[in-house]
Amino acid sequence: MPIRILDPHVAAKIAAGEVVERPASAVKELVENALDAGATRVTIETQGGGLQLIRITDDGEGIPILELELALERHATSKITSDADLGSIATLGFRGEALPSIAAVSRLTLTSRARGSEQGAYVRAREGVLERKGAAGCAEGTTVLVQDLFANVPARRKFLRSEASEAGRIHRVVSHLAMAFPHVRFQLVQNGKDTFLSLGDGDLRRVLAQAYDAATADALLEVSGDDSEARSALGFVSPPHVNRANRSAISLFVNNRWVQSPMLVQAIEEAYRGLLMEGRHPLVCLRLTVPTSEIDANVHPTKQEVRFQKEGAVFGLVQRAVRQVLVAHSPVPVVAPQANAWPARQPYQLFPLAASPSSQQTAFAVGLVPPRGPAQEPVRSEQTPMPETLPALRVLGQAGATYIVAEGPQGVYLIDQHAAHERVRYEIVQQQVKERQADVQGLLEPLAVELTPAQLHTLEEWKSTLAGFGFQGEAFGERAYLLRGVPAGLRDAGPAALLSEALDLLALAQDPSRAADSLAATIACHSAVRAGDTLSVQEMTVLVRQLEATQSPHTCPHGRPTMLHLSASSLEREFGRR
Ligand code: ADP
Ligand code: MG
């Protein structure tokens, strides 16, 4: 074949692949446009994981009628005019590629009314070719409707996973944009169901409660650091006992842009050095502000990578800011040998968060070890799980049918029986799943459970995970599932309720390992003793022994404390004996 210049339509389709890889990337680009337009409210609706329909409505500045058609043209942008502007980009978009790229692979309708203008208008394109345009009665702002995404690119469609997994990715994108813009109200409606809502009141912790859960968000520690050259790092990091099996909960933003940055991840992991168990990763939401002239966002078409001009300064800022807050909240200052000595005056200690000024001091003194150089050696060799292990405890009794009262060499402990049993069950369930030996409770009679189409979808997608946890059965007609077995040991939920809860949880899961963690936590919760259950001394003794043997005895799988410690010295002090 001779060399020819590609037909513009073919070229557009190829280029589209770089920007819109999947429905979630289309959602990201369109919401970023809304944010660049100064929107304070953005509503995202999707059907069928975004493949059938994506509709994004904003209250931003809108597009003047005369520019509507132009917005669909390649390299048409209102955000930069010269290459000099590339040196200091303050908007999320700047390449003028998103709208034409999405239009090339869908049916796209762009409806807008510019702020202060009397009249709105719309343009509609099919596979990049303008089909219709005209006047539209609409509110100020912009609505982009995308239908049948990738219908004309079967090759792309084939590579996409199930609708449920694309829906999960969209959820992830929207929740991250909400973290980047806590002052904007985001609403995500998937298949008619509200799946994410942020209030837009600027409270990042509340956004995180939506993205994760309230208990996790409550446990997070606030980070705030800056340097003398106008760089800052603000956000939240998890205390060491709240952690994940992978890095998917590390969310990083640079000048409001959600980015992937191995360098920043490394800075964070340096900060956690010695505080986290091997193979575990923190939950982080960190927002960096850096002078726009110091970064290059034009590294990749999806703009998810950035280059820093002063990497070292940014690394140091992040590492210090995170380390500082972790050390200040470290439960027990056991990082270096001399720290084994308990501080002389120790007040009531609520594991694992609270730290007295005196223990903070100690933590600071021994914990703030320079990240590099010979000084780190003792830290590495002393990476003991010391703060996490429990001394042997003797059960004294039960209080309020809810708390186990026990004593140990260092004082008195009140143990929340539900939280403690949850921790025990959680680690047992995880171990069983890992060894492919889930404890199954067969049902005497198979149970037909009616499920929604979305739940059936999820069930299909997560079939092997569910089986690994002990769910057994098979599809039964169009809308039901015949349940034959469930994870053993349920106390307070029926098999059908557990299945349905598990499916709802998996539908929103963003990656397999997190899905497995939260499934294990749910099963643990429903198989743990409740507050209010009267326990015999023997039962309590067994429970405390089991708790002592867990890897993280101080918190339940949701991050709540399992126990309260009244140290011997604080009792002495309170009673005026010292
Ligand atoms: P870019 O964002 O890189 O400029 P796009 O193709 O995403 O390129 O958008 C092209 C142009 O269309 C933008 O520069 C902007 O002027 C306009 N536009 C797109 N979406 C919106 C929106 N939601 N509100 C206002 N203007 C928009
Ligand atoms: Mg854009």
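Mentor: Here is a walk that starts with the whole chain, stops at the ligand, and then visits a few other places.

Before anything else, keep in mind that this is a predicted model. The mean pLDDT of the protein chain is 83, and 85% of its residues reach 70 or more. There is one stretch to watch: over residues 332–387 the pLDDT falls below 50, though the model still gives that stretch 97 contacts beyond near neighbours in sequence. Where pLDDT is low, the predicted coordinates should not be read in detail.

Now the overall build. The protein chain has 578 residues, and 49% of them are buried. Its secondary structure comes to 19 helices and 25 strands. Take the contacts with a separation of 6 or more: 69% of them join residues 24 or more positions apart.

On to the part you asked about. Which residues come nearest to ligand 1? They are Asn-33, Thr-77, Ser-78, Lys-79 and Gly-96, out of 20 residues around the ligand. Sorted by class, that shell holds nine nonpolar, seven polar and four charged residues.

Start with the backbone: an N or O atom of Leu-99 sits 2.9 Å from an oxygen atom of ligand 1. A backbone N or O atom of Ala-98 also lies by a ligand oxygen, at 3.3 Å. Then switch to a side chain: an N or O atom in that of Thr-142 is 3.3 Å from a nitrogen atom of ligand 1. As for cover, ligand 1 has 530 Å² of accessible area on its own, and the protein covers 93% of it. Two elements give two or more residues each to the shell, helix 2 (23–36) and helix 4 (98–104). Of the elements, helix 4 gives the most, with three residues.

In helix 9 (residues 262–271), seven of the 10 residues are buried. These are Met-263, Leu-264, Val-265, Ala-267, Ile-268, Glu-270 and Ala-271, so you'll find a charged residue, Glu-270, among the buried ones. What do the buried residues of helix 9 pack against? Their partners are strand 12 (250–254), strand 14 (281–282), strand 15 (284–289), strand 17 (307–308) and helix 10 (311–328).

Thr-46 belongs to strand 1 (residues 41–47). Is Thr-46 buried or exposed? Thr-46 is buried, because its relative accessible area is 2%, and the cut-off for buried is under 20%. Leaving out residues up to four places away in sequence, Thr-46 touches Leu-53, Ile-54, Ile-170, Val-189, Gln-190 and Asn-191.

Most residues other than glycine have a negative phi. Glu-127 has a positive one, near 50°, and it sits in the loop between strand 4 (120–126) and strand 5 (129–136). Phe-150 also has a positive phi, about 65°, although it is not a glycine. You'll find Phe-150 in the loop between strand 6 (141–147) and helix 5 (154–159). For cover, Glu-127 is partly exposed at 38% relative accessibility, whereas Phe-150 is buried at 1%.

Finally, two helix residues with partners elsewhere in the sequence. Glu-501 lies in helix 16 (residues 495–507) and counts as partly exposed, at 33% relative accessibility. Setting aside neighbours within four places in sequence, Glu-501 is in contact with Thr-522 and His-526. Its C-alpha atom is 9.9 Å from that of Ile-523, a residue 22 positions away in sequence. Ile-428, in helix 13 (residues 417–434), is partly exposed too, with a relative accessible area of 31%. The C-alpha atoms of Ile-428 and Gln-546 are separated by 10.0 Å, and the two residues are 118 apart along the chain.

Definitions and conventions. Residues are numbered from 1 along each chain as its sequence is written. Chains are lettered from A and ligands numbered from 1 in the order in which they are written. This is a predicted model: local features need pLDDT of at least 70, side-chain atom pairs count only at pLDDT 80 or more; totals for chains, interfaces and linings use all residues. Side-chain values use heavy atoms; hydrogens and water are left out. Helices (H or I, at least four residues) and strands (E, at least two) are DSSP runs, numbered from the N terminus. Buried means under 20% relative accessible area, exposed over 50%, partly exposed in between (1.4 Å probe, protein chains only). Contact means heavy atoms within 4.5 Å. pLDDT is the predictor's confidence in each residue, from 0 to 100. A residue is near a molecule or strand if one of its heavy atoms lies within 4 Å of it. A polar contact is a pair of N or O atoms within 3.5 Å; within protein, one must be able to donate a hydrogen and the other to accept it, and residues adjacent in sequence count only if both atoms are side-chain atoms. Accessible areas come from the Shrake-Rupley method with a 1.4 Å probe; for residues, only the protein chains shown count as cover.
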